[in-house]
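The sequence and structure come first.

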Amino acid sequence: MASSKSTLLITTSFLLFFFSSTTTTTIRLSSAQVPRNNLDPSQSDSDCTGRWIHIRRLPPAFNLDLLSNCSGYPLFDDFCPYLANHGLGQKTHNVSHSWYRTDPLMLELIFHRRMLEYPCLTSDPQSADAVYLPYYAGIDALRYLYGPDYNSSSEQGLNLFEFLTRDDPELWNRNMGHDHFLVLARPALDFSQPLRNDPRLWGTSLLELPQFFNVTALTVEARAWPWQEHAVPYPSSFHPPNLSLLEAWVQRARRSRRTTLMMFAGGGGVGNNPNIRKSIRNECENTTIENNVTSNNNNLGMFGSGVADYTKPCDFVDCSNGICEHDPIRFMRPMLQANFCLQPPGDTPTRRSTFDSIVAGCIPVFFESSSAKVQYGWHLPEDQYGDFSVFIPKEDVVFKETRILDVLRSIPRARVRRMRERVLEMIPRVMYRRHGSSMGLRAKKDAFDLAIEGALKKIKSWVQVQPRGQAFAQ
């Protein structure tokens, strides 16, 4: 225990030094532009037109100080081990260069670290097109969700707003927060408890505060109606540092022998009430039994007019109680062996597994549009879903006895190959490359790059039509 606390102290101290010193350097530059050696060689000042971002310097109470209490929530997992490598977590094994035990809650930390490498940073907030708030809202929310401040969960964000308007009121008031953005490493619903709820229910009220109605929130799962929210991918465990390692992985996924028709990695579906996960588990178990009885029957491998040699029609990886979350080997190997990966909704519509399956080159199968299609438009183009995924309405499976297996095996093999190739092409779009990555890899836009690009466009669209000093009502 003493060794663990010592390691945590060293890690937190290093993070505090790195972020504080780097951010201070960025903020205190006398020029409005980041020095040339902070830019990619291909970058020029004109390349940054419309892309300048100012990192708002916040007191450490809003970010780094929150990490020191990483083991302080008995009802929540100890997240101290996942702070390593600036939020990527510990490597899956010592010789790994690309694979980490990443916790989705660390997205705010990952994003903050990557922002420090953004090529168009400016120390002058007045010349910035957008202002990034490095507030670790998901981590701060733990004290309201699992800690001693449960009954005051409507207050999350009030102290941040007080600081923003007191420290530099001119910066906030010029667009009333419309040009500010932050990252939320939890679904938006976790920050959407109505202010007047009594008794208090699950969640905080950060996104219900009128003070933050104008701030763009990048969250792993957005609600359908608020304009200021937009979903960005959950971080997977894959964070390559250079282009050669990315290309090597894509080739491995491309050449992988797909001996399983479909697979599901997850939990749930064990209750008495009908639901999509229960239907999937039942179909997978029953199909496996049938396949064992009729092992000499090749019909299970039929794809239209072609035949595929499947050793398994369905594979189920039980990830109950979070046992897979920090151990990608449990689900990545089965995904590499499967043609289709089932992505049913659970407690919320979206799943981290969607992005794990894309990294594995496994074609995602969705059962409701809110699982991805209406969420991740910046990263997974909404008009192209038919090119890289399959959609089966969950009502058809649960109540109309539609067999997922029949739908998937009816897809022609040639189309399956095209879909998988499209999935492989999308890997860079949904991964968060490692900080400090090679220039070659930086030439490919990853999830962070597309999130920043989308946020800038979103902010620009509102600032252009918004008279300065006037606030929008939600």
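This is a predicted model: local features need pLDDT of at least 70, side-chain atom pairs count only at pLDDT 80 or more; totals for chains, interfaces and linings use all residues.

Strands β3 (residues 180-184) and β4 (residues 216-219) run parallel and are joined by 4 bridges. Within this pairing, F181 stands opposite T216 of β4. Helix α3 (residues 107-115) packs on the sheet and touches β1, β2 (130-132), β3 and β4; the direction of α3 makes about 135° with that of β3. Helix α18 (residues 447-463) also packs on the sheet, with contacts to β1, β2, β3, β4 and β5, and its direction makes about 155° with that of β4.

The sheet is open, has 5 strands in the order β1-β2-β3-β4-β5, and is paired in parallel. Its edge strands, β1 (53-55) and β5 (229-231), each pair on one side only. On average, neighbouring strands are turned by 30° against each other, direction ignored.

Parallel strands β6 and β10 (residues 338-343) are joined by 3 bridges, and M263 has C341 in β10 as its bridge partner.

## The largest pocket

The largest pocket has a volume of about 1,400 Å³. Its lining comprises 39 residues, with P104, G322, E325, D347 and R352 nearest the centre. By class, 16 are nonpolar, 13 polar and 10 charged.

Strand β6 (260-266) supplies at least two lining residues, as do helices α9 (276-293), α10 (329-336) and α11 (353-359).

Conventions: Residues are numbered from 1 along each chain as its sequence is written. Side-chain values use heavy atoms; hydrogens and water are left out. On a 1 Å grid over the protein atoms alone, a cavity is a set of points where a 1.4 Å probe fits but cannot get out, and a pocket is an open set with protein on both sides within 12 Å along at least five of seven lines; lining residues have an atom within 4 Å of a point. Grid points are joined across faces, edges and corners, and a volume is the space filled by probe spheres set on the points. Ala, Val, Leu, Ile, Met, Phe, Trp, Tyr, Cys and Pro count as nonpolar, Asp, Glu, Lys and Arg as charged, and the others, Gly among them, as polar. Two strands pair if DSSP finds at least two bridges between them. Axes are lines fitted to C-alpha atoms, for helices over the stretch in contact, and angles run from 0 to 180 degrees between N-to-C directions. Contact means heavy atoms within 4.5 Å.
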